[in-house]
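Please read them alongside the sequence.

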Amino acid sequence: MKKSSSLREFKTVQSDNGPPFNSEDLKEFAAEMGFTHKKTAAIARTEGVDIQAANYDMLQAYRETPHPTTRTAPYE
């Protein structure tokens, strides 16, 4: 594959080693394009977690927590 001047050249690409990033095709592409693929552990697993409910709970807690200086909640 010929390098395109319109593509930004990277030295390293970092991913969580998920299915799209652990193929032989990516290894070959990285070698052809001249970058290394750094695999990292996934930050968080969301299996069985309702993300919308978790976000709602976090926002509710934030909105109800008084600011230390003003002693009022942000959502008042």
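1. A salt bridge is taken here as a side-chain nitrogen of Lys or Arg within 4 Å of a carboxyl oxygen of Asp or Glu. By this rule the count comes to one salt bridge. Lys27 forms a salt bridge with Glu24, and the closest N and O atoms are 3.3 Å apart. Lys27 and Glu24 are separated by about one helical turn, because they lie three residues apart in helix H1. Lys27 counts as partly exposed, at 46% relative accessibility.

2. On the basis of the values: this is a predicted model, in which local features need pLDDT of at least 70 and side-chain atom pairs count only at pLDDT 80 or more, while totals for chains, interfaces and linings use all residues. Residues are numbered from 1 along each chain as its sequence is written, and side-chain values use heavy atoms, with hydrogens and water left out.

3. The chain contains two helices and two strands, and along the sequence these follow the pattern β-α-β-α. Helices (H or I, at least four residues) and strands (E, at least two) are DSSP runs, numbered from the N terminus.

4. Strand E1 (residues 12-15) and strand E2 (residues 36-39) run parallel and are joined by four bridges; two strands pair if DSSP finds at least two bridges between them. Ser15 has Lys39 in E2 as its bridge partner. From E1 the chain crosses through helix H1 (residues 24-33) to E2, a β-α-β crossover that is right-handed (with the strands pointing away from the viewer, the path from the first strand over the helix to the second runs clockwise).

5. The rings of Phe29 and Phe35 have centres 5.9 Å apart and planes at 70°, so the pair is edge-to-face.

6. Buried means under 20% relative accessible area, exposed over 50%, and partly exposed in between (1.4 Å probe, protein chains only). Phe35 counts as buried at 13% relative accessibility, whereas Phe29 is partly exposed at 34%. Of the 76 residues of the chain, 9% count as buried.

7. Leu59 lies in helix H2 (residues 51-64) and is partly exposed, with a relative accessible area of 35%.

Key. Phe/Tyr/Trp six-rings, centres within 6.5 Å; stacked < 30°, edge-to-face > 60°.
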